[in-house]
Amino acid sequence: MVPAEQVLCNSQYRPEMQGVDVPGGIYAHIAGIDIVRDDAGEFRVLEDNLRVPSGVSYMLENRKMMMRLFPELFSGHRVAPVDHYPDVLFDNLRSVAPTGVADPTVVLLTAGAHNSAYFEHAFLAQQMGIELVEGQDLFVRDEAVFMRTTQGPQRVDVIYRRIDDDFLDPLVFRPDSMLGVPGLLTAYRAGRITIANAIGTGVADDKSIYPYVPEMIRFYLGQSPIIGNVHTWMLRNKEDKDYVLAHLPELVIKEVHGAGGYGMLIGPAATKAEIDAFRKQIIATPERYIAQPTLAVSTCPTFTGHGAAPRHIDLRPFVLSGRDITIVPGGLTRVALRDGSLVVNSSQGGGTKDTWVLET
Amino acid sequence: MLSRTADHLYWMSRYIERAESLARLVDAHHRMSLLPHSADTLAKSLQSTMTALHMDEAYNERYDAVEPRAVFEFVSLDRDYSGSIFSCLRAARENARAVRGSLTSELWETLNSTWLELRSLIARRSAPDIGEFVEWVKKRSHLTRGVTIGTMMRDEAFHVTRIGTFLERADSTARILTAHQGDLIPGADAGVVPDPYEWSVLLRALSAFEVYRRVYRDVITPFRVAQLLILRDDMPRSLLRCCVAALLRCCVAALLRCCKEVYSNLKSVANEQSSETERRAGEMHAMLHFSRMEEITALGLPRFLEQFLTRLRSRRSHRVGFLVAPGGGLSPCRCTFGTKPVTATSGRSNTAYKVCT
């Protein structure tokens, strides 16, 4: 279904994971699926975030803020609550502990206070009542992971990691990583620890794998996808590449490993020089890019410096996979605060909105 | 609790306490600077205080002479000097930020808003009024302490936080005494009459001025009256010696109180490896509790203080993270809080925001 080289030659592919059976066979314990609504009113999946999706704390904090500012809106509508997300997440993480662990200890592994998502890490750890650890707080002995506590070493069973694969274990991945835990992969391969999300999910997160997802659903589940994809040209294919190069000013070009709204070209908004620069890069390394039509993504009235105005939005619901698959009725709605902009990423001046699912 | 968390909490409270101690010192000297004819005493007191706090070197790099206004600015607001009140409040906030999950939200918001207010104070075009500034610092420290006691669960995290506060206070008291010991050793310079204003600085810097007055007015009123008269009129030394001893008692009591608190808090966080630490803290407590002022005087105040500070520091070798660095500048701490370091880690520590050295 998926060409082998697209997995095996993927820079996110981790050969270290060969022969590893992860607990429960679950890799993407926490998934953030970005969804948009196009001009036909259809919801479409824009991309799958399967590495370390972030932003869930905004969902929770936005709701808290809205309830404080506009209590009358909530008394007049039946808005499904989202506050139980940390409980569901905690349950989910405990349910994927290595077999034989009766009362698993879960920790959240952060890169530290200087990470841009540190607030979310600290917030989630506090809400779940688990330790927020840095790499230096953990160590591996006899293929088991421990944290250093004031009462001595304490065994850890599940690591909800918020750092990338590359930094997890300096003995296996980047040797210069100061954020990871030496020997972590040994414990992982021995089945003594669960890492959520699993190592290597970056392959599925990759934008060049994304076009195959509907096919995967049909193949593995025997069902039709409920939410379709956005049409995607894979520039590794010659005819796709030719089409895209001829229509650059109309299309959105994305780097397959790009994140945070970087490494992309929005044709209609780009200058001629930007388009030419991208054209050169595409010709040099076409496999690094995909293209999608510029969608007339739906807008939402947004308070700006000049009163309410339409701004483009997308939605990221969070899917938790463990014993069950759970979605809390809400998600992160991101809004592009600049007029006409389609880039909703917070690193590029995007904002967020509270998202309601109404109960009937 | 994670060892690193204990470490951050400990330093968080130490830095807040240190900011307050510095604010008191600045306040006391600032008041003194408003009095006529005290310029020399003031300069001398500033000099000896900065020496005792190991601030003199950094100050001399920046300024040519000990000038009160410059010293106040330096100690309060110097952004580049790691020992200033500004830097202490920043370090306290950074340590808190690293473990904000272990703090109550009230405590985190208190520390964070202290930092935000400080930044906006600094951002104003005109320099803040020193008197108002130190008053603000003291209030924020009081508030932080109150919120700590009022909202935190009485668990390890709380006790570690309190230990930080009391050890810093003991350290600071001992250092301030060291700065003024020249005036407090009876008989050392028999012919020299200490300046009463300098004493008031010492008492005020330890927030002991009112306490002292109240205690001694109630207990020996004539003595207090005589003292005041004698100081103004250069009366005989023998009486002076008495009041020096009284002053000292007052200060040593403050030390004792600090150590008592440290000892009782330590017991709550005891673990297998901490018995040696606990023994030492108990020993220190006993040393102060059962000492007589006469013995301390016989030993000599400088030696007594030196021994006290050495004991305070020696805990570092016992891996409890109670680090009182020899210099006023702080040593990077690698607190393992009683646990043995296990396996070879990279040997780094994130001291960049933990301690500003």
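Modeller: Two strands count as paired if DSSP finds at least two bridges between them, and strands (E, at least two residues) and helices (H or I, at least four) are DSSP runs numbered from the N terminus. This is a predicted model: local features need pLDDT of at least 70, side-chain atom pairs count only at pLDDT 80 or more, and totals for chains, interfaces and linings use all residues. Residues are numbered from 1 along each chain as its sequence is written, chains are lettered from A and ligands numbered from 1 in the order in which they are written, and side-chain values use heavy atoms, with hydrogens and water left out.

Colleague: Which residue of β7(A) is the bridge partner of A:T149?

Modeller: Strand β6 of chain A covers residues 144–149 and pairs with β7(A) in the antiparallel sense over five bridges. In β7(A), the partner of A:T149 is A:G152.

Colleague: Which strands stand at the edges of the open sheet of chain A, each with a single partner strand?

Modeller: The three strands of this open sheet pair in the antiparallel sense, in the order β5-β6-β7 (chain A). One side of each edge strand is left without a neighbour in the sheet, because each has a single partner strand; these are β5 (138–141) and β7 (152–156) of chain A.

Colleague: How far is the backbone oxygen of A:A80 from a polar atom of the side chain of A:R63?

Modeller: A:R63 belongs to helix α2 (residues 56–69) of chain A, and at 2% relative accessibility A:R63 counts as buried. Leaving out residues up to four places away, A:R63 touches, among others, A:A80, A:D354 and A:W356. A:D354 is 291 residues away in sequence, yet its C-alpha is 5.6 Å from that of A:R63. From the side chain of A:R63, a polar atom lies away from the backbone oxygen of A:A80 by 3.1 Å.

Colleague: Which residue forms a salt bridge with A:D34?

Modeller: The structure holds 32 salt bridges over all chains (a side-chain nitrogen of Lys or Arg within 4 Å of a carboxyl oxygen of Asp or Glu). A:D34, at 1% relative accessibility, counts as buried. In its salt bridge the closest N and O atoms are 2.7 Å apart, and the partner is A:R316.

Colleague: Which residue of helix α5 is linked to A:R162?

Modeller: A:R162 counts as buried at 7% relative accessibility. Its salt bridge to A:E120 has its closest N and O atoms 2.8 Å apart. A:R162 lies in the loop between β8 (158–161) and α6 (184–189) of chain A, and 42 residues away, in helix α5 (residues 118–128), is A:E120.

Colleague: In chain B, are B:D27 and B:K138 buried or exposed?

Modeller: Their side chains meet in a salt bridge of 3.1 Å, N to O. The two are 111 residues apart, B:D27 in helix α1 (residues 3–33) and B:K138 in helix α7 (residues 130–151) of chain B. Both B:D27 and B:K138 are buried.

Methods: Buried means under 20% relative accessible area, exposed over 50%, partly exposed in between (1.4 Å probe, protein chains only). Contact means heavy atoms within 4.5 Å. A polar contact is a pair of N or O atoms within 3.5 Å; within protein, one must be able to donate a hydrogen and the other to accept it, and residues adjacent in sequence count only if both atoms are side-chain atoms.
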